[in-house]
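Hi,

Here is the model I promised to pass on.

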Amino acid sequence: RFEGVPMAPPDPILGVSEAFKADTNDLKLNLGVGAYRTEELQPYVLNVVKKAEKLMLERGENKEYLPIEGLAAFNKATAELLFGADNPVIKQGLVATLQALSGTGSLRLAAAFIQRYFPEAKVIISSPTWGNHKNIFNDARVPWSEYRYYDPKTVGLDFEGMIADIEAAPEGSFVLLHGCAHNPTGIDPTPEQWEKIADVIQEKKHMPFFDVAYQGFASGSLDEDAFSVRLFVKRGMEVFVAQSYSKNLGLYAERIGAINVVCSAPEVADRVKSQLKRLARPMYSNPPIHGAKIVANVVGDPTMFGEWKQEMEQMAGRIKNVRQKLYDSLSAKDKSGKDWSFILRQIGMFSYTGLNKTQSDNMTDKWHVYMTKDGRISLAGLSLAKCDYLADAIIDSFHN
Ligand code: PMP
């Protein structure tokens, strides 16, 4: 009876890692998946995470089920990190927060909520966006379309196009926004542009829906990276926010994140939370405890919290150094006069190189550089030592 099941295509992002593993060439470089690596290109467990885990072991904590909404101490900490502990929306109890299965699971829960309570609504997403967004809304049966975002001519933001498309979307659409460090482009709106985006969303009675997967990882500062979300909240708008601790605490496999809904009144937040719980229960019952305890312990202890911020700055700093070195190498080696400064203007883990599919194929087939076919490279997977090699590969792929 299973004979009729066709083979699914490999995932465009996770499939890159599988292909990388199969390559036996010593020069190979994995710039596909967005996971932080040390200068030695090894995975990194934060010292502060190890410290929190040691504490947890010493305390001999149990493995009882969490409630459907997750660990209370985590939910409190995560909302405070996002909005700021003294934000009026927190003090007034306007935020419904549910611990969920990292960024992806939080987005998926939000999508199920939209499908159930706003069946007429459409989600609009940036073109391009993180590939999994489309899968998430497709599987939740939420209709979506794209708004303009990337301008290939400037390798920058198509701000006019973005505003025009948000304006043209049916009133009451959900507008998916990357809180910081837009994936895949690394191009974020300026603070002034965020104000204008908020204006249009407010005018059109749209619902802002933030995906915050890189708080603290873009600039190195948790507060700075929450600027966009806080700006909307300050205007008194209702807001949806999905959060992830995969990158900023390196907890990729722990699947720890949250969905936050800022509502107009505490009773509304209570009702929204009750419905999110109702959606979560038949999907996965309740979330895992380990990552939630790590986050709660780190944030709840002033010393560990300080250490986390330092480690985050170091990670963000290493990526910035690699960005600079790659730019320097490209500028020194490329004799065509091409302006590579867009690399320095991009933010976060990724650089959107502008390489097309054929050129990206050349990167992999000839140079053993593994990357997604949209031209995105993860600078978190690059070391200073490999920048010259990568620059050679990029120049060869661009000009041949
Ligand atoms: N949103 C964006 C934009 C991302 O880049 C990612 C991670 N690649 C996620 C969400 C979610 O990741 P996770 O499920 O590991 O938290």
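**Helix α5**

Helix α5 covers residues 102-117, 16 residues in all, and reaches 23 Å from its first C-alpha to its last, close to the 22 Å expected at 1.5 Å a residue. That expected span is 1.5 Å times one less than the number of residues. Helices (H or I, at least four residues) and strands (E, at least two) are DSSP runs, numbered from the N terminus.

Before going further, some housekeeping: this is a predicted model, where local features need pLDDT of at least 70 and side-chain atom pairs count only at pLDDT 80 or more, while totals for chains, interfaces and linings use all residues. Residues are numbered from 1 along each chain as its sequence is written, and side-chain values use heavy atoms, with hydrogens and water left out.

Back to α5: which of its residues are buried? The list is Ser102, Gly103, Gly105, Ser106, Leu107, Leu109, Ala110, Ala111, Ala112, Phe113 and Ile114. Buried here means under 20% relative accessible area, exposed means over 50%, and partly exposed is in between (1.4 Å probe, protein chains only).

Leu101 sits in strand β2 (residues 95-101). With 27% relative accessibility, Leu101 counts as partly exposed. If you set aside neighbours within four places in sequence, Leu101 is in contact with Ser106, Arg255, Tyr284, Pro287 and Pro288; contact means heavy atoms within 4.5 Å.

Ile319 belongs to helix α13 (residues 302-333). Is Ile319 buried or exposed? Ile319 is buried, as its relative accessible area is 2%. Not counting residues up to four places away in sequence, Ile319 touches Tyr36, Phe217, Gly348, Met349, Leu379 and Ala380. Ile347 is 28 residues from Ile319 in sequence and 9.5 Å from it in space, C-alpha to C-alpha.

**Two helix pairs**

Take α8 (residues 191-203) and α10 (residues 227-234) to begin with: their axes come within 10 Å and cross at roughly 40 degrees. The axes are lines fitted to C-alpha atoms, for helices over the stretch in contact, and angles run from 0 to 180 degrees between N-to-C directions. α8 and α10 are therefore oblique to each other. For the cut-offs, under 35 degrees is roughly parallel, over 145 roughly antiparallel, 65 to 115 roughly perpendicular, and the rest oblique.

On the α8 side, Pro191, Trp194, Glu195, Ile197, Ala198 and Ile201 meet Phe227, Ser228, Leu231 and Phe232 of α10. By class, that contact has 8 nonpolar, 1 polar and 1 charged residues. Ala, Val, Leu, Ile, Met, Phe, Trp, Tyr, Cys and Pro count as nonpolar, Asp, Glu, Lys and Arg as charged, and the others, Gly among them, as polar.

The other pair is α15 (residues 357-367) with α16 (residues 387-399), whose axes come within 9 Å and cross at roughly 130 degrees. α15 and α16 are therefore oblique to each other, and their crossing is right-handed. Gln359, Asn362, Met363, Lys366 and Trp367 of α15 make the contact with Tyr389, Leu390, Asp392, Ala393, Ile394, Asp396, Ser397 and Phe398 of α16. The classes there are 7 nonpolar, 3 polar and 3 charged residues.

**Helix α1**

In α1 (residues 14-22), the buried residues are Gly15, Val16, Ser17 and Phe20. These pack against β1 (29-30) and β12 (369-370).

Where are the cis peptide bonds to look at? One runs from Ser127 to Pro128, with omega near 5 degrees, and Pro128 is in the loop between β3 (123-127) and α6 (132-139). Another runs from Asn183 to Pro184, with omega near 15 degrees, and Pro184 is in the loop between β7 (174-178) and α8.

That β7 to α8 loop also holds Ala181, which has a positive phi of about 55 degrees although it is not a glycine. Ala181 counts as buried, at 3% relative accessibility. Arg141 has a positive phi too, near 60 degrees, and lies in the loop between α6 and β4 (144-148). At 66% relative accessibility, Arg141 counts as exposed.

Cheers

Conventions:
Left-handed = near helix turned anticlockwise from the far one by under 90°.
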